[in-house]
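Subject: Handing over the structure

Hi,

Here is the structure I promised to pass on to you. Please open it first, and then read on for what I found in it.

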Amino acid sequence: MTAFQTGQQRDDTAIAAGFRAAIDEARRFVGATAPNPPVGCALLDRDGAILTAAAHHKAGTFHAEARALAQCAELGLTDRIHTAVVTLEPCNHTGRTPPCSEALLVTPVKTVWVGCADPNPRVAGGGGARLTAAGRTVRWLSEATTLPDQRALLAECRGLIAPFVYWASSRKAWFTVKQAVDAGGSMIPPTGRTTFTSPAALDLAHALRRATDAVVTGIGTVRADLPGLDVRRVADHVERRRILLVCGRRDNAPAAWLEQAERRFDVRFCAAVEDAPAMLAEAGALWALVEAGPTLLAAMRAGDVWDDWLRIEQRAAGGERLTVASRHRDTPLALFADRGLDFVEPTKADQIIKKEDAACFPA
């Protein structure tokens with residue numbers, strides 16, 4: 001039997017469910033929207049029932065709010081719209097698409113819940129202010145401490161836009177390092193194998209490849225492993241062509257490997273890892289996954305060329321521990337928290353990034 005809920009508790013539960021639907025829809029398109037951030041929107045009726053949920057799919061196509069409104073119209077449900085729940089503040093400017101704030105204002109929507117404020121300094125912003133001025137109620141997730149799972153929902157809303165926020169302020173791509181070690185602290189897999197991690201950890205690795213705009217590796221890893229670095233264990237975005245950035249000289253890459261890689265990736269080379277984040281940002285990438293060996297990881301560690309660091313460690317007694325250190329308050333890895341990630345405070349990053357770790361051999 002369901003426990004008795006007050007009217008406010010029912011409202012809070014409905015809004016939390018709206019945020020979960022919007023976030024989950026946006027997560028489906030993480031890795032496909034650059035240079036835009038992934039955004040989700042859910043539309044609710046007066047009783048809190050979800051009418052539809054939608055997301056931004058790709059730059060130049062409908063924003064999440066416009067797509068959700070179009071879906072509602074197709075279903076004949078526009079007149080029932082009462083509340084909009086969006087992971088990011090609706091835009092209030094005309095770019096490749098019309099302002100979402102204006103699209104909402106021509107509907108019966110009364111209340112708009114917002115996960116994160118628009119962080120882009122290059123646009124006018126003010127979607128929330130525009131809606132408020134037009135008589136709509138605007139609520140912010142950060143202030144709604146009574147919502148079920150509010151902290152987790154807020155972390156995921158912020159995680160959706162974390163690489164975009166970093167790009168907008170620094171003109172650099174966000175770098176996530178993935179490093180796996182065995183129980184003895186070594187990354188060298190048994191003879192004849194390219195990895196020793198579990199199927200769940202491999203699924204996570206491929207999900208991260210799918211979610212990112214670029215993969216970064218070193219020429220040493222290329223020569224030692226001839227890695228594929230493509231998405232295989234999960235379904236990839238349709239017609240998605242990522243950047244593969246190799247730190248090292250092009251003429252040191254095996255010709256057969258390079259020919260194969262260029263069929264699937266926009267392959268680029270850089271001489272210095274310090275230049276990589278700006279190079280990828282200029283090429284349109286917001287988020288990059290680093291899968292590399294000890295030389296490149298040591299250089300990244302020494303130069304602070306990383307934003308979060310995922311360590312997958314085998315336990316001596318069996319199983320794995322997946323630990324995340326981040327240099328920022330927010331991280332896109334919050335979107336993968338349901339895969340058992342353990343997030344540590346930035347001050348404890350040295351416990352995750354250990355100099356004695358050996359190499360990573362990506363499959």
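Let me start with a question: which residues does alanine 278 touch, not counting residues up to four places away in sequence? They are Arg171 and Lys172, where a contact means heavy atoms within 4.5 Å. Alanine 278 sits in helix H9, residues 276-282; helices (H or I, at least four residues) and strands (E, at least two) are DSSP runs, numbered from the N terminus. With a relative accessible area of 36%, alanine 278 is partly exposed. On that scale, buried means under 20% relative accessible area, exposed means over 50%, and partly exposed lies in between, using a 1.4 Å probe and protein chains only.

Residues are numbered from 1 along each chain as its sequence is written, and side-chain values use heavy atoms, with hydrogens and water left out.

The whole chain

pLDDT is the predictor's confidence in each residue, from 0 to 100. The chain has a mean pLDDT of 90, and 88% of its residues reach 70 or more. Please take care with residues 355-363, where pLDDT stays under 50 and the model has 40 contacts beyond four places in sequence. Where pLDDT is low, the predicted coordinates should not be read in detail.

You will find ten helices and 13 strands in the chain. Of its 363 residues, 53% count as buried. Taking contacts between residues at least 6 apart in sequence, 71% join residues at least 24 apart.

The second largest cavity

Rolling a probe the size of a water molecule over the atoms shows where empty space is left. A cavity here is a set of points, on a 1 Å grid over the protein atoms alone, where a 1.4 Å probe fits but cannot get out. Grid points are joined across faces, edges and corners, and a volume is the space filled by probe spheres set on the points. By this rule there are two cavities of 30 Å³ or more.

The second largest cavity holds about 100 Å³ of space. It is lined by 15 residues, and those closest to its centre are Val30, Pro38, Leu160, Leu286 and Trp287; a lining residue has an atom within 4 Å of a point. Helix H5 (residues 150-170) gives the largest share of this lining, four residues. Sorted by class, the lining has eleven nonpolar, three polar and one charged residues. In that scheme Ala, Val, Leu, Ile, Met, Phe, Trp, Tyr, Cys and Pro are nonpolar, Asp, Glu, Lys and Arg are charged, and the others, Gly among them, are polar. Domain 1 (1-163) and domain 2 (172-344) each supply at least three residues to the lining, with the bounds coming from an automatic or database domain assignment.

Proline 163 also belongs to helix H5. This proline is buried, with a relative accessible area of 6%, and touches Trp174, Leu286, Trp287 and Pro332, again leaving out residues up to four places away in sequence. Proline 37 is 126 residues from proline 163 in sequence, but 8.0 Å from it in space, C-alpha to C-alpha.

Some backbone details

Most residues other than glycine have a negative phi, and most peptide bonds are trans. The bond from alanine 34 to proline 35 is cis, with omega near 10 degrees, and proline 35 is in the loop between helix H1 (7-27) and strand E1 (40-44).

Two residues other than glycine have a positive phi: leucine 226, near 50 degrees, and glutamate 239, near 55 degrees. Leucine 226 is in the loop between helix H7 (219-225) and strand E8 (242-247), and glutamate 239 is found in the loop between H7 and E8 too. Leucine 226 is partly exposed at 49% relative accessible area, whereas glutamate 239 is exposed at 79%.

I hope this helps you find your way around.

Best wishes

Note on methods
Predicted model: local features only at pLDDT ≥ 70, side-chain atom pairs only at ≥ 80, totals over all residues. 1 Å grid on protein atoms, 1.4 Å probe; cavity = no way out; pocket = protein on both sides within 12 Å on 5 of 7 lines; lining within 4 Å.
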